[in-house]
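Let's walk through a protein model together, step by step. Keep the sequence and the 3D view side by side as you read.

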Amino acid sequence: MTKLSWRRCGPGSRRGRSVSSSHSLVSYLRKGGAFLVVGGVAFVVDAVTFNLLAFGFSGAGPLYDLPVVAKVIAIAVATVVTYIGNRYWTFGSRQIKRRLSRYVVFVLLNLVAMGLQLGCLAFSRYVLGLEGPVADNISGTLIGQALATVFRFFTYDRWVFPDEDGEGRRIAVEQA
């Protein structure tokens with residue numbers, strides 16, 4: 001029979017680091033899976049918003065000549081979706097104190113992620129001279145968002161939605 005017990009360890013303590021690797025892996029995969037589902041919904045929101053603004057229904061939307069502006073708006077809308085989804089589902093079990101600084105960090109990290117997406121789109125459009133729905137969606141939506149998603153996963157986990165209540169805790173699996 002397996003017993004789980006919670007023990008406090010001081011900062012930097014090496015004792016008791018024998019967290020069950022299978023428990024860690026399952027927890028990590030669940031969190032990663034939830035993050036990817038939320039990201040998938042945000043991806044669709046981003047892609048639909050961008051395509052409507054840049055290409056509309058006729059091939060030339062209201063912001064066709066301003067694809068970076070269209071992408072900024074699309075990312076902003078998708079960012080709201082990611083915050084709500086990640087806060088209440090991916091990291092919903094974490095006790096997170098509401099602090100203004102947490103929102104500031106979220107905004108700053110999303111500006112960096114937005115820069116990754118916009119950089120890919122701008123490089124494709126203005127350096128490579130590629131334009132149109134296929135080129136813009138491959139560069140800004142697929143490649144840019146993939147890079148931004150990886151960046152967000154690691155930064156949200158550490159700085160936006162940290163496990164404040166669980167710091168210093170560990171799960172020790174003891175065989176009875």
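**Finding your way around the fold**

Take the contacts in the protein chain between residues at least 6 apart in sequence: 79% of them join residues at least 24 apart. Contact here means heavy atoms within 4.5 Å. This is a predicted model, in which local features need pLDDT of at least 70 and side-chain atom pairs count only at pLDDT 80 or more, while totals for chains, interfaces and linings use all residues. Residues are numbered from 1 along each chain as its sequence is written, and side-chain values use heavy atoms, with hydrogens and water left out.

The protein chain contains 4 helices and 2 strands. Both kinds of element are DSSP runs numbered from the N terminus, with helices (H or I) having at least four residues and strands (E) at least two.

Of the 176 residues in the protein chain, 39% are buried. Buried stands for under 20% relative accessible area, exposed for over 50%, and partly exposed for what is in between (1.4 Å probe, protein chains only). The accessible surface of the protein chain is about 10,500 Å², and 67% of this surface belongs to carbon and sulfur atoms. Such areas come from the Shrake-Rupley method with a 1.4 Å probe, and for residues only the protein chains shown count as cover.

Next, let's look at charged pairs. Side chains of opposite charge can pair when their charged atoms come close. A salt bridge is a side-chain nitrogen of Lys or Arg within 4 Å of a carboxyl oxygen of Asp or Glu. How many salt bridges does this rule give? The count comes to 3 salt bridges.

One of them pairs lysine 31 with aspartate 157, with 3.0 Å between the closest N and O atoms. Lysine 31 belongs to helix H1 (residues 21–54) and aspartate 157 to helix H4 (residues 133–160), so this pair ties together parts that are 126 residues apart in sequence. Lysine 31 counts as buried at 14% relative accessibility, whereas aspartate 157, with a relative accessible area of 23%, is partly exposed.

Another salt bridge joins aspartate 46 and lysine 71, whose closest N and O atoms are 2.5 Å apart. Because aspartate 46 lies in helix H1 and lysine 71 in helix H2 (residues 67–90), the pair ties together parts that are 25 residues apart in sequence. Aspartate 46 and lysine 71 are both buried.

Then there is arginine 125, which forms a salt bridge with aspartate 136, the closest N and O atoms lying 2.7 Å apart. Arginine 125 sits in helix H3 (residues 100–127) and aspartate 136 in helix H4, so the parts tied together are 11 residues apart in sequence. Both arginine 125 and aspartate 136 are buried.

What about empty space inside? Rolling a probe the size of a water molecule over the atoms shows where empty space is left. On a 1 Å grid over the protein atoms alone, a cavity is a set of points where a 1.4 Å probe fits but cannot get out, and lining residues have an atom within 4 Å of a point. Grid points are joined across faces, edges and corners, and a volume is the space filled by probe spheres set on the points. By this rule there are 2 cavities of 30 Å³ or more.

The largest cavity holds about 70 Å³ of space, and its lining includes Phe35, Val38, Thr82 and Tyr156. H1, H2 and H4 each give at least two residues to this lining. The second largest cavity has a volume of about 40 Å³; among its lining residues are Asp46, Ile75 and Asn110. Here H1, H2, H3 and H4 are the elements that give two or more residues to the lining, and H2 supplies the largest share, 4 residues.

Let's finish with isoleucine 75, which is found in helix H2. Is isoleucine 75 buried or exposed? At 1% relative accessibility, isoleucine 75 counts as buried. Leaving out residues up to four places away in sequence, isoleucine 75 touches Asp46, Met114, Gln117, Leu118 and Arg152.

Conventions
1 Å grid on protein atoms, 1.4 Å probe; cavity = no way out; pocket = protein on both sides within 12 Å on 5 of 7 lines; lining within 4 Å.
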